[in-house]
Amino acid sequence: MSAGAPPLLSARNVVAHYGPVCALRGVDLDVAEGEIVTLIGSNGAGKTTLMMTIFGDPRASEGEIRFAGRDLTRLPTHEIARLGLAQSPEGRRIFPRMSVLENLRMGAALGRPDCFAQDLERMFSIFPRLRERAGQRGGTLSGGEQQMLAIARALMSRPKLLMLDEPSLGLAPLVVRQIFEVVRDLNRAEGLTVFLVEQNAFHALSLAHRAHVMVNGRITLSGAGRELLARPEVRAAYLEGGA
Ligand code: ATP
């Protein structure tokens, strides 16, 4: 992060609940422009909840979330989405009955509809497979293709921040590598800012400029991605058949 520049996204002491269940217990996290920040953690640690809370659902019951100079903490989700955050959610959640093209058109609705043709061409050059499948229904794509579509749909809105929730989930190692390479290339070539939530710690930490470990709704460890990758306790818990 450059000295003095406020982070693009910042969470301060964020607490969130599902009814009586406390899922976030005071989370602090920053994402600076041009950075890839990763959050790793086991099942149920609260990673998805943090991403959803940034989008206002569930709402933070304490703390503050700021994005591009705005306080998001009490904004409705549809207004948050207009500020330039885009999400590829856990489990992809593409529109299964819509074609690839229609899915991408939905993503473009929050971006620059006047640039649709240009943005579409860009997505097809990043993910050539989607060009081949343009007329095919989303639900009939392979898992890897659905993940590509979910990311492309998010990118069609020209986000300032791309949030990816477990993009590697259930995918073959080769496909995972391709997807992580796309994220790395977009970050390097265009300075795309990325917040990545993952259980696949090896790839996520290799990619990240900075990374955090979440345990039971709290961030317990933070550092450079490669630094965390080298730490024995991280390796034991998240890499070597650990939690
Ligand atoms: P995973 O990798 O399995 O998705 P996660 O780190 O993303 O895990 P969350 O999905 O954020 O974890 O869940 C955090 C905690 O909140 C868990 O204890 C979970 O059971 C609980 N939780 C999540 N969603 C809900 C919900 N809709 N209602 C009630 N509790 C929930």
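This is a predicted model: local features need pLDDT of at least 70, side-chain atom pairs count only at pLDDT 80 or more; totals for chains, interfaces and linings use all residues.
Residues are numbered from 1 along each chain as its sequence is written, and side-chain values use heavy atoms, with hydrogens and water left out.

I40 belongs to strand 3, residues 36-40. Strands here are DSSP runs of E with at least two residues, helices are runs of H or I with at least four, and both are numbered from the N terminus. Two strands pair if DSSP finds at least two bridges between them. Strand 3 runs parallel to strand 9 (residues 210-215), with four bridges joining them. Strand 8 (residues 193-198) is also parallel to strand 3, this time with five bridges, and there I36 has V194 as its bridge partner.

How many of the five residues of strand 3 are buried? Five of the five are, so the strand is largely enclosed by the rest of the structure. Buried means under 20% relative accessible area, exposed over 50%, and partly exposed in between, using a 1.4 Å probe and protein chains only. Both faces are covered: I36, T38 and I40 are buried on one side, V37 and L39 on the other.

**Around the ligand**

There are 13 residues around the ligand, and N43, K47, T48, T49 and E166 come nearest; a residue counts as near if one of its heavy atoms lies within 4 Å. Helix 1 (residues 47-54) gives the largest share of this shell, three residues.

| Residue | Part of the residue | Distance to a ligand oxygen |
|---|---|---|
| E166 | polar side-chain atom | 2.7 Å |
| G46 | backbone N or O atom | 2.9 Å |
| Q199 | side-chain N or O atom | 3.0 Å |

On its own the ligand has 630 Å² of accessible area, and the protein covers 61% of that, by the Shrake-Rupley method with a 1.4 Å probe.

**Cysteines**

A disulfide is a covalent bond between the sulfur atoms of two cysteines. Here it's taken as a pair of cysteine sulfur atoms within 2.5 Å, and the count comes to zero. C22 is partly exposed because its relative accessibility is 23%, while C115 counts as buried because its value is 9%.

Definitions and conventions
A polar contact is a pair of N or O atoms within 3.5 Å; within protein, one must be able to donate a hydrogen and the other to accept it, and residues adjacent in sequence count only if both atoms are side-chain atoms.
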